[in-house]
Amino acid sequence: MKKPDSIIVFARLFLGAMALGAINFAFRWSDATALLAQSPEAKAAGIGLGFLIAVFVVSTSTNLALWYFISRRASKVAKWIQTMFYLIGLASFAWTFNNPLEPQGLALAISVVILIIYGAATAMLFRPDAIAWFDRKPFDPGTFR
């Protein structure tokens, strides 16, 4: 069965946001390592560079698994996990927006763009052609026309 346009757009947006997130991670690497080095709490908990790398690898792996199960396997469970992750991320971003330890300047701007792209990708999962595809029913290929 051919994929609906909404799922194709979802995959492109989602993977694009992931790539931008990796760039942002690399861009913020020196700030994050300096912050960890100055934090007595992080030292006491044994959190160091390995922790940063592990969090990046686990989150990237989780996102790739979600992308696979949503865009290749039409998994409703993965769709709802992605939706919940997005909503949690949105709430977390709003909660920490004024935190001086959070990204500032260009890193903040990139984070906002990533959040918007993830939101657009998640919204694609609720378009009529995507809903029909998740239900394994015929869909209207002209949804975007």
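## Salt bridges

Two salt bridges are counted in this predicted model. Side chains of opposite charge can pair when their charged atoms come close. One of the two pairs D135 with K76, whose closest N and O atoms are 2.5 Å apart. D135 has a relative accessible area of 31% and is partly exposed. K76, at 42%, is partly exposed as well.

A salt bridge also joins the side chains of D5 and K2, with an N to O distance of 4.0 Å. D5 is partly exposed, at 25% relative accessibility, whereas K2 is exposed, with a relative accessible area of 55%.

## Nonpolar core

Which residues of the largest nonpolar core touch the most other members? They are F10, F14, Y118 and F134, in a core of 24 residues. At least two residues of this core come from each of α1 (5-27), α4 (49-71), α5, α6 (105-124) and α7. In soluble globular proteins, nonpolar side chains tend to be buried together.

F10 illustrates the contacts made by one of these core members. Apart from neighbours within four places in sequence, F10 is in contact with W67, I70, S71, A121, T122, M124 and L125. Of these partners, W67, I70 and S71 have numbers within the range of α4 (49-71). A121, T122 and M124 have numbers within the range of α6 (105-124).

## Helix α2 and T33

Is T33 buried or exposed? T33 has 19% relative accessibility and counts as buried, because the cut-off for buried is under 20%. T33 is part of helix α2, which covers residues 29-38. Leaving aside neighbours within four places in sequence, the contacts of T33 are with L49 and L52. Both leucines have numbers within the range of α4 (49-71).

## Nonpolar surface patch

A nonpolar patch on the surface is formed by V77, I81, M84, F85, L87, I88 and L90. Together these residues have about 640 Å² of accessible area. V77, one of the members, lies in helix α5. V77 counts as exposed, at 58% relative accessibility.

Methods
Residues numbered from 1 in each chain as written. Predicted model: local features only at pLDDT ≥ 70, side-chain atom pairs only at ≥ 80, totals over all residues. Heavy atoms only, no water. Buried < 20%, exposed > 50% of the residue type's maximum accessible area, 1.4 Å probe, protein only. Helix = DSSP H or I, 4+ residues; strand = E, 2+ residues; numbered from the N terminus. Contact = heavy atoms within 4.5 Å. Patch = residues over 30% accessible without salt bridge, like charges linked within 9 Å, V, L, I, M, F, W, Y side chains within 5 Å. Areas by Shrake-Rupley, 256 points an atom, 1.4 Å probe, with all protein chains shown as cover. Core = buried A, V, L, I, M, F, W, Y, C linked by side-chain atoms within 4.5 Å.
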